[in-house]
Amino acid sequence: MKETGVALVICVLAMTLLMALGAALVLATSTETLIAANFRTAHEGRYAAAAVLERAMADLSTIPDWSRVLDGSATSGFTDGPPSGSRTLADGVTVDLGEVVNLANCGRPAPCTESQLDAITVERPWGINNPRWRLYAYGELDALLGPGNSLPRSQYILVLAADDQAESDGNPLVDGSNPGNPGSGVIVLRGESFGARGAHRAYEVTVSRGSSGVRILSWRNGSLP
Amino acid sequence: MATALMLVVTAAVFALTDPARSTALVQFESTDVQQRLRVAAEALVRDLMMAGAGAYAGAQSGSLIGWLAPVTPYRLGAVGADPPGTYRSDAITVLYVPATAAQTTLSAALAPGQLTLRVNFERGCPLNQDLCGFTSGTTLLVYDTYGNSDTFTLTSVAGNSGQLTVNSPGGVLQTSYAIGSKVVQAVQRAYYLKRHAILGFDQLVYSDGSANPEVAVADHVVGLEFEYYGDPQPPGITAVAADPVGPWTTYGPRPPTPDLTPTAYPSGENCTFTFDPIGGGHAPRLEVIGGDPSRRSLIRLSAAELADGNVWCPDPGAATRFDADLLRIRKIAVRLRIESAIDGLRGPAGALFIRGGTARDGRRFLPDREVRFQIAPPNLNAGLSP
């Protein structure tokens, strides 16, 4: 019986088996590396969103009239240009500031109409007192931390400001000032971070004026569009 | 000759693939262990970060530590609750108010046997929704200014009223809540380990405080430990009682005015403050922990301090009483350890493995993975301290 080539067949089979094992191993380890990287980025984003909120609150304590924050005429010292357009980080992450604001205001990336802003929905059930988010602080995390930080990748961070849900003046661009208004001296800040591979985190903070500056009434997880 | 050659090559192939098979098996399971560890840590971080978040619309707004203990080192809820004064290093219950429009006050009192919810329509309640937006199945927190609190599950809604069940053992409400008490949507999470009835390993589970079955978070958890760090200083007064906004204290419920006796403590006093009728001032009932009255940094709170019951809030006779030192908690340290689900990848019990397995070859060892982290919930650390 002719047996020429049998060894070759066996070698090919063995190599195929080993290659399959090796490929599965590479796939498993690379997937694990990717999951770990996403987990790390998500946690960095959590801290980044918290950091920009802390910065915004510090700046807010220096503004005597919070209506100027609500109508967009006063912003934090932490900005990187006009409050519009796209920003692209060094690793390719792009953030469109207009879309971020529109998503917060009416749940869609396109500019919101007045009726959409005042629509009563599950997320925004206050009609004409619905919050109208404005950019208050925005920029790269590197700019906030300063040179020499050890983050491997940067994040884009921003804070939106709006009037609180207990407002009764019917004007979401003015912080109520009459004594009977339960929303007087209270506004809401929303800190967001955008990182690599779609990482996105948000916190919301309701703050009021306290005797010694800004007082945090509530710090909570923000919903994401 | 060819047969011999084939046998030699086949043997070599098996010799090569056997360790590779072990490596592959360990690697796949390692990924699974890591992922279970991440899921468990993420769940704990998410809830611990929010611990103590309070109402943010209307009266009694601000961190819950101004009213009650939002972090307890034991289980609370309708099922499996530990009694007041318990300390368990492997269980924790946190309470917080999530992002919600359902924040208002009672328009009808709640009392034992009287569990119909009626609320005021306050500014901030959602328009065009009954009962300030509270919906069936929601967890509610009701609390007053004296340190009383209970969580409920809203079982049904009919127009502007709803029916409640109490999330406490026996389902019996033992405290009365007057008109004007705060009522908000809340999240209660009790994390603990539970032995799987059939497979025999421990799962990290959480309960939402109701009679609903607990939710499994991660399997094969062999270590869960919580430690607590807190404010060594007793609470202080920050605003007069007549101040309409507050905060009135650095933490804990504000003392009543001298003409009121809302708890078992003497007139003008509560669990955190005594009252001097001659001098007319309030003084803290709690002591300095560690003996240094100038210390501002956090101090480790021992099991004895958190469970000795030296001072109970709202008073020693309350069904929902808690050790007043629980109001001091500002930071929680967590240790979480997870094992391989495959017995054949766990070696003998010891430093590497809490639960021994059947593996005896080091190439098949997949040691337990452990992570430690600390969470300082923002709502326990902001807004109340001067």
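Q: What is the order of the strands in the open sheet of five strands in chain B?
A: The order is S1-S2-S9-S10-S11, with antiparallel pairing. Strands here are DSSP runs of E, at least two residues, and helices are runs of H or I, at least four residues, both numbered from the N terminus. Two strands pair if DSSP finds at least two bridges between them. This is a predicted model: local features need pLDDT of at least 70, side-chain atom pairs count only at pLDDT 80 or more, and totals for chains, interfaces and linings use all residues. Residues are numbered from 1 along each chain, chains are lettered from A in the order written, and side-chain values use heavy atoms, without hydrogens and water.

Q: Which strands stand at the edges?
A: S1 (71-72) and S11 (215-218) of chain B do; each has a single partner strand, so one side of each is left without a neighbour in the sheet.

Q: How many bridges join S2 to S9 in chain B?
A: Five, between residues 92-96 and residues 187-195. B:Leu95, for one, has B:Gln188 as its bridge partner in S9(B).

Q: Switching to chain A, how many helices and strands are there?
A: Five helices and seven strands.

Q: What lies 2.8 Å from a polar atom of the A:Arg124 side chain?
A: The backbone oxygen of A:Asn105.

Terms used
Polar contact = N/O pair within 3.5 Å; in protein donor to acceptor, adjacent residues only side chain to side chain.
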